[in-house]
Amino acid sequence: MGWNEWPLVLFTVLAQCAVGAYWLCVLVLFTTGGRSAAAARLERLMVAVLAVQGLAFLFSSIHVGSPLRGANVLLRLGHASLSNEVFFGAAFLAAGGLAWLLTWRGESALRLRKPLYILALALSVAFLWNMIGFYLMPTVPTWDTPLTPLAFLVTAVLGGAMLANLLFAASGLATPRLDRLVAGVAACGLGAGVVAAVSLLATLPGISSSVQSAVLLSPDIGMWQAVRFVFLFVAVGLVLRQAARTSRTMPAMAAALVLVACGEIIGRGLFYALHMTVGLV
Amino acid sequence: MMSEVMAKQSGFYFDSSRCTGCKTCMLACKDFKDLPAEVNFRRVYEYAGGAWTEDEGAWREDVFAYYTSISCNHCADPACIKVCPTGAMHKRADGFVVVDETLCIGCKSCAMACPYGAPQYSAVKGHMTKCDGCYERVAAGLKPVCVGACPLRALDLGPVDVLRAEHGTLAEVAPLPPARYTHPSLVIKPNPKARPVGDRDGFLANPKEV
């Protein structure tokens with residue numbers, strides 16, 4: 001397991017959960033007909049999504065050796081994926097934060113907030129896109145595959161659904177229709193996650209260099225994937241039950257979020273453990 | 001005149017048929033650059049393999065073991081520079097790929113991308129470090145410390161086009177990566193037992209030394 005990269009594990013998993021949750025919240029804000037007090041409360045509660053993103057950035061700063069020089073990371077903006085990733089991530093946080101501040105101006109500022117939500121949404125897509133792009137290094141055969149974007153998207157969809165689910169309930173916006181949306185999105189994420197994991201396990205034996213075999217990088221990968229999917233299946237089961245019974249309990253929703261976070265942290269740990277190059281490393 | 005000479009891309013020449021794996025190059029560099037225990041700008045990889053095979057009732061061995069001494073190849077298309085978010089990893093006008101240690105934030109992206117293991121993180125300094133080709137010595141007309149230290153005269157550094165004219169263009173043998181990934185400024189004279197790039201019959205015999 002790639003626990004030596006734990007700050008990056010937490011950074012990528014938390015950031016992807018935040019991005020996915022933001023997508024669902026904005027989708028619901030724009031598609032729920034009529035303005036309600038619950039929608040206004042959801043806008044306020046979306047600060048939780050930004051807090052998760054902020055926490056993710058804190059973990060990323062633990063990864064770098066000289067965080068006080070962190071601003072240098074932007075010097076190759078437009079050229080290096082990592083520069084773009086940090087720029088779009090920070091811009092997403094800024095646009096989302098500004099929209100959140102404007103919620104204190106009440107309904108009168110709704111016309112200002114709507115374009116900011118769209119902007120933050122676009123910035124979060126660019127953020128995730130560049131986060132994926134960073135890992136598609138031609139010299140790293142275990143990362144430079146379509147399974148990397150798929151795995152990152154699965155985390156965003158599953159983690160985002162679970163985090164948004166909590167916010168919908170806490171704001172009072174949750175309805176049976178929203179429960180079905182959350183459960184459907186989560187089930188799709190889980191399905192894609194199964195496909196990604198099976199494909200990964202199937203392709204690893206074909207990746208090797210003169211000094212390294214991908215299957216030997218994480219010998220316990222099968223066991224860890226099994227543990228991960230127990231967590232993910234239970235979590236998705238909880239939101240399916242919530243949709244089927246149209247009854248919500250906060251502890252079950254919180255458990256679903258924690259289970260998905262733990263499962264995706266395991267999955268990401270495996271991802272970093274699979275680092276190897278086409279050469280000597 | 002001087003600037004013309006300096007602008008030529010330098011490359012390492014490594015004679016794998018001479019190298020005995022003594023690692024004097026590695027330690028001379030470590031001493032000269034005052035590197036911590038976990039950092040090695042030059043590393044000597046021992047690639048070994050082979051087995052007994054039956055030939056009409058007689059058993060014969062085809063074992064092999066040889067060395068590749070690798071630092072940074074100051075590539076024409078460096079994987080490290082592409083991923084560096086600060087521009088700290090840069091190619092100088094004289095072709096040497098060097099870390100600007102005043103810019104680097106220590107994100108380790110270059111170490112993830114380089115298939116030769118050249119960029120290495122210094123926990124003491126909090127940023128990346130790497131073989132700089134001893135460019136200051138080269139500019140003064142000297143050879144890098146590793147080249148001067150080699151007791152077998154298996155290492156050299158010179159303008160890479162001159163080295164290629166003299167020794168050929170081979171830049172890949174097992175266990176090195178295929179040269180097409182980064183176009184290393186490296187010229188290899190292979191060991192008689194050398195396996196072609198991509199070989200899977202051998203293994204890295206000294207993983208704890210690199």
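**Chain B, term by term**

Tutor: Chain B has 7 helices and 12 strands, where helices (H or I, at least four residues) and strands (E, at least two) are DSSP runs numbered from the N terminus. This is a predicted model, in which local features need pLDDT of at least 70 and side-chain atom pairs count only at pLDDT 80 or more, while totals for chains, interfaces and linings use all residues. Residues are numbered from 1 along each chain as its sequence is written, and chains are lettered from A and ligands numbered from 1 in the order in which they are written.

Student: What makes a residue of chain B count as buried, and what percentage do?

Tutor: Buried takes 20 or more other C-beta atoms within 10 Å of its own, exposed is 12 or fewer, and partly exposed lies in between, with C-beta atoms placed from the backbone. By that count, 45% of the 210 residues of chain B are buried.

Student: How do you know that strand 1 and strand 11 of chain B pair?

Tutor: Pairing needs at least two bridges found by DSSP. Strand 1 (residues 10-15) and strand 11 of chain B have 4 bridges, in the parallel sense, so by that definition they pair. Tyr13(B) stands opposite Val187(B) in strand 11 of chain B.

Student: Which sheet has strand 10 and strand 11 of chain B at its edges, and why are they edges?

Tutor: It's an open sheet of 3 strands in chain B, order 10-1-11, with mixed pairing. Strand 10 (155-159) and strand 11 (186-189) of chain B each have a single partner strand, so one side of each is left without a neighbour in the sheet.

Student: What makes Cys80(B) a contact partner of Cys110(B)?

Tutor: Contact means C-beta atoms, placed from the backbone, within 7 Å. Cys80(B) touches Cys110(B), as well as Met89(B), Val97(B), Ala113(B), Cys114(B) and Pro119(B), leaving aside residues up to four places away in sequence.

Student: How many residues does each chain put into the contact between A and B?

Tutor: Chain B gives 33 residues and chain A gives 27. Chain B's side is contributed to by elements including strand 2 (43-49) and helix 3 (79-83) of chain B.

Conventions
Two residues are in contact if their C-beta atoms, placed from the backbone, lie within 7 Å.
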